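Q: I would like to learn how to read a model feature by feature. Could we work through one together?

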Amino acid sequence: MPAPGENLKINGERLWDSLMEMAKIGPGVAGGNNRQTLTDADAEGRALFARWCEEAGLTMGVDRMGTMFARREGTEPDLPPVYVGSHLDTQPTGGKYDGVLGVLGGLEIIRTLNDLGIRTRHPIVVVNWTNEEGTRFAPAMLASGVFAGVHDLEWAYDRVDAEGKRFGDELERIGWKGDEPVGGRPMKAFFELHIEQGPILEAEGKDIGVVTHGQGLSWTEVTVTGKEAHTGSTPMPMRRNAGLGMARILELVDEIAWSHKPHAVGAAGHIDVYPNSRNVIPGKAVFTVDFRSPELEVIEDMERRLREGAKKICDEMGLEVAFEKVGGFDPVKFDEGCVAAVRRAAERLGYSHRDIISGAGHDACWINRVAPTAMVMCPCVDGLSHNEAEEIYPEWAEKGANVLFHAVVETAEIVE
């Protein structure tokens, strides 16, 4: 199939301007973004993306999970499209690039093709997947998971946030519940551009990460129940302190992850303590343990040891403990053909690159189940992400989007 010439590149300045314009929606308190899924800010960001897509001549489809599919027609419309994209939702204290770079990088491909008058045999579809982050409604990658048949649609609608609001109700409230059935769209391939969210590329001075695998992930929500009591008048031997039980379990989580070094990791980032009052011993603690590894057997071992160890801790302290698996996916091996297209693109453009394993979960991990899939990564400063201080340089974004452009357009087949 014909490949784009090495002189064909996206408009880096326009891409950067689009990133900065989107970052104005749902601003954080420290320079980043708080555009959590299905909030008013999410709706505003979707509307801006939809307007840009319309201006680029794309037709928009929206499925029942609110995922947006913006299509540029191919010269042979019946051929399966090449999909490209990521997500626009952010963490509560998120950065300006996590996910957004992949969506707007996909849009920039279309704008560049329009500028150059290039047609492709296969249609190209730019995607904004709903609720990739999973911070408001667990689990992460919810819409892509329903698309891939991992989750049931009604089950997804019944997910609730910390205030008890249903995913399905909030999707309707912001006006982005589409009519299209979820899943079943033919795909020739799916490509996702993302910041690394880790320090390897920057530390090694590499322009591009060619993502060959994705770490597996396990989220277990742990609920420790004790007894609320006055902190001043309850003798130490008579306390059933759920907060202390949680602390000891979190030490266990750290020990378990270290035992599988260097690739396994583990921590708890979502923690709620009740009643969360200064002079009340916590009667309940709810927290989510996040274990990751590129090896399935390691994840299974970490899950088992968490349950066994946490139960032992709580039994000894007179506490009750319950576990719920609220998210997870097996380690992913991306499609060799798509990975090769990414590698060829980096080499054609003269960019330094290395193979890399993604340490984070991405929509590509679920879509890999239903279509050939690969990812492109660019560095981020100090490897920092899920933080308002998340930063990349314009040239990093441009190089990542150029590789994305070449891989997508080569796969979609230029019409000569």
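Q: Where is proline 139 found?
A: A word on the source first: this is a predicted model. Proline 139 sits in the loop between β4 (124-128) and α4 (142-147).

Q: What kind of peptide bond joins alanine 138 and proline 139?
A: Read omega. Here omega is about 5 degrees, and the bond between alanine 138 and proline 139 is cis.

Q: Which peptide bond involving proline 275 is cis?
A: The bond that joins tyrosine 274 and proline 275, with omega of about 0 degrees. Proline 275 lies in the loop between β9 (265-274) and β10 (280-281).

Q: Is asparagine 276 buried or exposed?
A: The cut-off for exposed is over 50% relative accessible area. Asparagine 276 has 64%, so it is exposed.

Q: What is the phi of aspartate 382, and where is the residue placed?
A: Aspartate 382 has a positive phi of about 60 degrees, although it is not a glycine. Its place is in the loop between β15 (373-378) and α12 (394-412). At 63% relative accessibility, aspartate 382 counts as exposed.

Q: How is the chain divided into domains?
A: Check whether a domain is one segment or several. Domain 1 takes 12-214 + 331-415, and domain 2 takes 216-329. Their C-alpha centres lie 33 Å apart. The contact takes 13 residues from domain 1 and 12 residues from domain 2.

Q: How much area is buried between domain 1 and domain 2?
A: Take the area, then ask which atoms supply it. About 920 Å² is buried between domain 1 and domain 2, and carbon and sulfur atoms give 72% of it.

Q: Which residues in domain 1 lose the most area to domain 2?
A: Pro139, Pro331 and Trp366. Together they account for 42% of what the domain 1 side buries.

Q: How many salt bridges does a search of the whole structure find?
A: The search finds 31. For each one, read the distance, then the places of the partners. Aspartate 161 pairs with arginine 136, their closest N and O atoms being 3.0 Å apart. Aspartate 161 is in the loop between α5 (153-157) and α6, and arginine 136 is in the loop between β4 and α4, 25 residues apart.

Q: Are aspartate 161 and arginine 136 buried or exposed?
A: Both are buried.

Q: Which residue forms a salt bridge with lysine 165?
A: Glutamate 163, with the closest N and O atoms 3.3 Å apart. Lysine 165 is partly exposed, with a relative accessible area of 36%. Glutamate 163 has 62%, so it is exposed.

Q: Where do the partners arginine 343 and aspartate 355 lie?
A: Their salt bridge has its closest N and O atoms 3.0 Å apart. Arginine 343 is in helix α10 (residues 336-349), and aspartate 355 is in strand β14 (residues 353-358). Arginine 343 is partly exposed at 24%, and aspartate 355 is partly exposed at 38%.

Q: Which residues do salt bridges with shared partners join into one network?
A: Asp40, Arg136, Asp161, Glu170 and Arg173.

Q: Where is threonine 288, and is the residue buried or exposed?
A: Threonine 288 is in strand β11 (residues 284-293). Its relative accessibility is 12%, so it counts as buried. Beyond its neighbours within four places in sequence, threonine 288 has contacts that include Trp219, His270 and Val326.

Notes: Residues numbered from 1 in each chain as written. Predicted model: local features only at pLDDT ≥ 70, side-chain atom pairs only at ≥ 80, totals over all residues. Heavy atoms only, no water. Domains from an automatic or database assignment. Contact = heavy atoms within 4.5 Å. Buried area = accessible area lost by both parts, 1.4 Å probe. Helix = DSSP H or I, 4+ residues; strand = E, 2+ residues; numbered from the N terminus. Buried < 20%, exposed > 50% of the residue type's maximum accessible area, 1.4 Å probe, protein only. Salt bridge = Lys/Arg side-chain N within 4 Å of Asp/Glu carboxyl O.
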